[in-house]
Amino acid sequence: MSDNPWSARALGRRIGVPHSTISHWISTGLVEPLRRGRGRQGHDLGITGLLELIAVRDLRDAGLSTQSIRRVVGQLRDLGEHAHPLAHLVLLVVGDDVLIRDRSDEGAWSVLRHPTQRVMLFPIGDEHRQLVDALPDLASGRGMSGEMAA
């Protein structure tokens, strides 16, 4: 995927975040630009920077303080698996905690309240409905396919 740069100012207008806020997030290391600029030149961001901006904005909108978001980003970067964790991980805000989930994993981990504590995620939807529908067969000794167990 090409990482063609966009100006931080243009992205800020597009996603509804003031340029001064984006500049602050970049200068304090919360978001990593492709190229740092000065004055009217401004910073250039690629797709990963855009995803980081959206993640930080959404975490703020979910009620997390910038300090909490900074802790989350710091801990995720310390794990060292992703240089840009906000662009590569799924984040779930639950109350005053943030859970992270790698796109390839089925579990999640607490980042703020109980760092590294694993949280189990249970599917709801078709798979869940199929299992619930099969409960009478399982209770009567039949498998999910309806055959009698040996």
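Q: How many salt bridges does a search of the whole structure find?
A: The search finds two salt bridges, a salt bridge being a side-chain nitrogen of Lys or Arg within 4 Å of a carboxyl oxygen of Asp or Glu. This is a predicted model, in which local features need pLDDT of at least 70 and side-chain atom pairs count only at pLDDT 80 or more, while totals for chains, interfaces and linings use all residues. Residues are numbered from 1 along each chain as its sequence is written, and side-chain values use heavy atoms, with hydrogens and water left out.

Q: What makes the pair Asp58 and Arg57 a salt bridge?
A: Their side chains meet at 3.0 Å, N to O, and the limit is 4 Å, so the pair qualifies.

Q: Why is Asp58 called partly exposed?
A: Its relative accessibility is 36%. Buried means under 20% relative accessible area, exposed over 50%, and partly exposed in between (1.4 Å probe, protein chains only), so the value falls in the middle class. Arg57, at 21%, also counts as partly exposed.

Q: What makes the pair Asp96 and Arg113 a salt bridge?
A: The side chains meet at 3.3 Å, N to O, which is within 4 Å. Asp96 lies in the loop between strand 3 and strand 4, and Arg113 in the loop between strand 5 (108–110) and strand 6 (118–119), so the pair ties together parts that are 17 residues apart in sequence. Strands here are DSSP runs of E with at least two residues, and helices are runs of H or I with at least four, both numbered from the N terminus. Arg113 is partly exposed, with a relative accessible area of 48%.

Q: Which side chain makes a polar contact with the side chain of Asp97?
A: That of Ser110, at 2.6 Å. A polar contact is a pair of N or O atoms within 3.5 Å; within protein, one must be able to donate a hydrogen and the other to accept it, and residues adjacent in sequence count only if both atoms are side-chain atoms. The side chain of Asp97 also reaches the backbone nitrogen of Arg113 at 3.1 Å.
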